[in-house]
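Below is a colleague's note, written to be read with the structure open. The points go from the whole chain down to single residues.

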Amino acid sequence: MQQIINKRLKENLLENNDNHKIIVLPLIIQKQILFFLYEEYKNMKKVKRDRNMIKNNSLINWDWFKISQLLFHGFFPLYYDTIINNSNKNNKFKIINNNLVKQIIIDYFEINNESINFINNLKSLETIYVKCLNSEECSFINSIWILTFLNRLINKDIVVNFKLKLGYDCYEPKQLEVIEKEELLFKTNQFIVIYDMEFETSYKFIYKMIKELNPKSLKIKPILWASDSGESHLQQYHSISKLNQNYESIEIENDFIPLYALYRFLKAPKLQTFKFDLQFHFLSEIYDTIINNDSDNDSDNSDSDNNSDNNSDSDNNNSNNSSYYNSNSNYNSNKDKIELDFDKMDNFKYKDFGDIEERKSFKVHKNIQFYIDNGINEDNQIFCPYSRQESFNCYSIPPYSMSLWNECLKLLSTNSTITNLSISHNCGDYCSLKGFLYNTNFLNDFMNSLANNKTIKALTLYFNFKEKEIQNNIEIINKSIVSMLDQNTTLETISICYKQYWDEKPNEFPYTIKNKKCKIILL
């Protein structure tokens with residue numbers, strides 16, 4: 001690319017310069033050209049090619065070398081091992097100069113007194129990226145307090161970000177120093193974790209790390225189908241959502257969150273970007289259940305429920321739950337007079353459901369009084385099974401779910417901080433009822449809440465369904481989207497994806513909308 005630029009510049013100079021004089025661009029323009037080039041290099045995936053281009057740029061002349069050196073350290077993080085092994089550290093003819101290093105990558109288990117002392121000598125350092133570089137040492141159980149070494153950073157403006165990849169078959173490092181717990185004093189902007197199933201290990205340290213680090217940006221992503229047991233699911237989203245005071249960006253990809261987690265995330269006071277999955281099948285079933293119950297539920301059934309044992313469990317207690325829902329929905333019974341305060345009902349201590357001794361499915365109790373007396377923890381709440389282990393213990397609806405969903409709809413409608421929202425349906429590949437029909441009333445309530453929101457500018461919606469339900473589902477989904485767009489005056493773009501189980505996808509949105517401001521993109 002650089003050769004092409006030089007050739008075109010030379011041709012242009014020869015065409016427009018009668019005296020064939022060489023015109024030297026001002027250094028500030030040269031620097032800007034190089035800046036754009038390095039931005040392009042940073043986005044390229046082929047690292048070797050990037051470095052060859054960087055070397056070529058730096059060899060043009062001394063000014064370009066000095067500019068390239070500065071831009072290189074500004075754009076590209078260097079591994080800790082690379083820096084510490086950098087020979088001839090004071091050689092002014094080397095691109096890598098320890099005095100100019102701004103970003104470094106360090107393995108989690110390389111954090112110790114020695115590495116921190118070395119890092120303190122990097123005078124230009126701005127950001128440390130902590131990653132898991134050694135697959136045999138990717139379990140962090142009982143090792144979170146290694147991070148207290150980072151408290152000894154002299155420059156308190158250094159930001160420490162995390163990107164950890166966890167495997168289910170990982171082992172505890174052999175020689176862990178015994179470290180006392182202490183408050184973490186360094187700054188963290190970003191926490192990224194990629195994980196596999198909790199098979200013979202527990203990921204409880206994820207919650208603990210998020211709690212202690214208090215990051216601004218949180219990204220959680222499972223490794224899809226890394227084992228033959230099914231998909232990965234983190235059973236701590238409700239707990240993580242309660243740590244919501246500092247979140248500005250939350251991205252939870254390819255994993256669903258329970259309703260209570262949605263409720264808490266939507267209450268995050270600084271949240272601007274929110275990407276997550278819900279089980280739309282679960283929400284549609286709530287509405288279907290209410291309609292069925294309202295048609296045949298009588299006072300005798302209600303009395304029978306009220307006299308039931310508070311501690312009785314149900315594998316599939318979807319009946320007679322409508323008497324516990326509030327009456328916010330147009331499709332709900334007016335029989336419920338119980339007020340549920342969801343700001344107070346999840347006052348629980350974190351419990352590790354990933355631990356093999358604690359691993360069990362969420363049990364649904366018939367009587368709403370059980371949850372009023374004992375509170376609610378939805379960390380392990382599941383409707384559609386995501387793996388073989390849960391495939392026979394799901395499809396139960398808690399009696400408070402409609403009330404909680406209505407509160408989520410209110411928060412979604414009135415939220416004043418979120419500008420970028422992405423919501424996907426995630427049913428789980430072991431769900432035997434995957435070919436469900438989306439409930440129209442659910443879609444209408446959902447879209448009405450989005451229609452009333454005044455801050456969301458970019459919206460992405462992902463739906464999926466089986467082939468036999470394609471036409472009916474697309475029709476009711478599109479009609480609800482049209483109604484929403486005709487009311488919403490804030491949206492600038494809406495991206496719609498139909499994750500179908502057939503080859504064709506729509507080329508264009510089939511309906512005309514009044515809102516000409518919003519651009520519709522079919523993914």
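The numbered points below describe a predicted model.

1. Overall make-up. The protein has 523 residues, and 52% of them are buried. Its secondary structure comes to 15 helices and 14 strands.

2. Contacts along the chain. Taking contacts between residues at least 6 apart in sequence, 79% join residues that are at least 24 apart.

3. The nonpolar core. The largest nonpolar core holds 119 residues. The members that touch the most other members are Ile 128, Leu 147, Phe 274 and Trp 405. Helix H13 gives this core its largest share, seven residues.

4. Phe 274. Which residues does Phe 274 contact, leaving aside neighbours within four places in sequence? One group is Ile 250, Ile 257, Leu 262, Phe 265 and Leu 266; the other is Ile 418, Asn 420, Leu 421 and Ser 422.

5. H13 against H14. Helix H13 covers residues 401-414 and helix H14 covers residues 440-452. Their axes come within 7 Å and cross at roughly 30°. Angles under 35 degrees count as roughly parallel, and H13 and H14 are therefore roughly parallel to each other. On the H13 side the contact is made by Trp 405, Leu 409, Leu 412 and Ser 413. H14 contributes Phe 442, Asp 445, Phe 446, Ser 449, Leu 450 and Asn 452. By type, the residues of this contact are six nonpolar, three polar and one charged. Trp 405, listed here, is also among the core residues named in point 3.

6. Helix H7. This helix runs over residues 204-213, and its buried residues are Phe 205, Ile 206, Tyr 207, Met 209, Ile 210 and Leu 213. An α-helix has 3.6 residues a turn, so residues three or four places apart point the same way. The cover over the buried residues of H7 includes strands S4 (159-165), S5 (190-195) and S6 (217-222), along with helix H8 (237-241). Just after H7, Asn 214 has a positive phi of about 50°.

7. Lys 216. Lys 216 sits in the loop between H7 and S6. Is Lys 216 buried or partly exposed? Its relative accessibility is 34%, so Lys 216 counts as partly exposed. Lys 216 and Phe 191 are 25 residues apart in sequence, and their C-alpha atoms are 8.1 Å apart.

8. Tyr 80. Helix H5 (residues 80-84) contains Tyr 80. Residues under 20% relative accessible area count as buried; Tyr 80 has a relative accessibility of 7% and therefore falls in that class. Beyond residues up to four places away in sequence, Tyr 80 touches Ile 105, Ile 106, Glu 110, Glu 114, Ser 115 and Phe 118. Tyr 129 is 49 residues from Tyr 80 along the chain, with 9.9 Å between the two C-alpha atoms.

9. Thr 148. This residue lies in the loop between strand S3 (127-131) and S4. Thr 148 is buried because its relative accessible area is 3%. Leaving aside neighbours within four places in sequence, Thr 148 is in contact with Ile 179, Glu 180, Glu 182 and Leu 184.

Definitions and conventions
Residues numbered from 1 in each chain as written. Predicted model: local features only at pLDDT ≥ 70, side-chain atom pairs only at ≥ 80, totals over all residues. Heavy atoms only, no water. Axes fitted to C-alpha atoms, helices over the stretch in contact; angles between N-to-C directions. Helix = DSSP H or I, 4+ residues; strand = E, 2+ residues; numbered from the N terminus. Parallel < 35°, antiparallel > 145°, perpendicular 65-115°, else oblique. Contact = heavy atoms within 4.5 Å. Nonpolar A, V, L, I, M, F, W, Y, C, P; charged D, E, K, R; others polar. Buried < 20%, exposed > 50% of the residue type's maximum accessible area, 1.4 Å probe, protein only. Core = buried A, V, L, I, M, F, W, Y, C linked by side-chain atoms within 4.5 Å.
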